[in-house]
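This briefing concerns the pairing of charged side chains. Please look through the sequence and the model before reading on.

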Amino acid sequence: MQAAPLAWADRTTTSGKSKDAEGGRNGRTMYVQTKVQTTVNGNSSTAKSGTLSSADSNWTPPACWYEPAFSPKQIEKTVKLWRSIDGVPLIGGVGDFVGDTLDHRYKDGHPYNDYNLDKQGEGMFWAAAVNPNRKDDPEASACDKPPFWVGDAETPDEPLALTPQVLAEYAYDELPVPGTEIEMKPTGTTKVNLPTWIWLDKAKFKKISVTASLPGTGLSATTTAEPVSLHIDPGTSDAQTYPASGDCEINADGSIGEPYAKGKADDTPPCGVTYLRASGSDGSYPLQATVTWNISWTSTTGEGGDLPEGTFGATQDVTVQEIQSVNR
C-alpha cells in the first residue's frame, strides 16, 4: 500500500459503496487506508436503511485495528514522501522533522535498521487503520502505536491486530438491514379498544450476510444476521400488545404477524396492539417497531461463533380516537 502524507484516502468496497478513511500521521502514529473489503451475500437487493445497534450496551464493533500495510521498501518510500512536502508553503520544515522522526525508528536502529530492507518479502510493517464507520468515535484513537514489524510466520502480540474475529466484527457494521416500517390495519388512525393488526412483509426479512476480507492473504470472515422477532412498543402504557410481551416471532416463511383480512375484526391479532385511551391533545402515540437479529460468524481459518444480537427500529405515529356514540 502506498500512503500519502496528510491525505484522505478513499476506500471502495466490492459491494460498490465508498467510504472515507483517514490516511496520514497524527502525532507519532501513522494511519493508513484500510485494505479490508466487504461483499454482501444473500438478499443483496435489500436497501440499507440503517446500522444495527448492539443489544449488548457494553459492546460495539471495533473502531480501529492494526493490519499489514507497508513492505520495507514502502516504509522507505513513505519517509521520502514526508520529506518531499517541505516545498509546500506555510509548512516548510515539517517534512524533515517527521522524516527524521521516522528515520530514527525505521532506519537508525530504534528498533529497526535500514527499514528492514534485508527482510523484504519476509513480512510487513503493520499500521493503524480506522473503521470508516467509526472514525469519529473516541475509541478510534486507541490504535496509537507506530507501524511495527511482523514476520510472515508470526502472529502479532497485539490485542487490536486484525484477526478473523475483528473482520467479523467489522462486517457486523456493514450489514445492510432493511427498514422496519410496519404494515397496520387500521392505518394511521385507530379507535380506542379496537385491535390494530401489525405485520411485516416476508420479502424484506431474510437472512443476510457480509464477508470482510483482506486481499492477498486468503483471510476472510462472514457475518450473518437472521431476523428472529419484532418488538412492539405502543408509545404509551395505556395499551395492550399481542402477544403480551410485545415480541412477535418470525413466521416459518420469514414474515412477521399476519395481514388483516375482512371478517377478522373481532379476532385477536397474532401481532398487534389495542389502545385503551385516546391520544387526545398530544395528537398521536409514537409506536416503535424494532426487529432483533441473531448474529453469527465463520471464517476461512475455521474460527467462528456468535456476536451480540443486533436491533434496528423505526417509529410511526398512531392517532387514537374515541369511538363516537350516536344519541337518539
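Asp-238 counts as partly exposed, at 26% relative accessibility, where buried means under 20% relative accessible area, exposed over 50%, and partly exposed in between (1.4 Å probe, protein chains only). This is a predicted model, in which local features need pLDDT of at least 70 and side-chain atom pairs count only at pLDDT 80 or more, while totals for chains, interfaces and linings use all residues. Residues are numbered from 1 along each chain as its sequence is written, and side-chain values use heavy atoms, with hydrogens and water left out.

**Salt bridges between separate parts**

- Eight salt bridges (a side-chain nitrogen of Lys or Arg within 4 Å of a carboxyl oxygen of Asp or Glu) are found when the whole structure is searched.
- One of them links the side chains of Asp-173 and Arg-134, with an N to O distance of 2.7 Å.
- Because Asp-173 lies in helix α3 (residues 164-174) and Arg-134 in the loop between β7 (123-130) and β8 (148-151), this pair ties together parts that are 39 residues apart in sequence; helices (H or I, at least four residues) and strands (E, at least two) are DSSP runs, numbered from the N terminus.
- Asp-173 and Arg-134 are both buried.
- Asp-238 forms a salt bridge with Arg-277, their closest N and O atoms being 3.1 Å apart.

- Lys-264 is partly exposed, with a relative accessible area of 23%, and Glu-258 is partly exposed at 29%.
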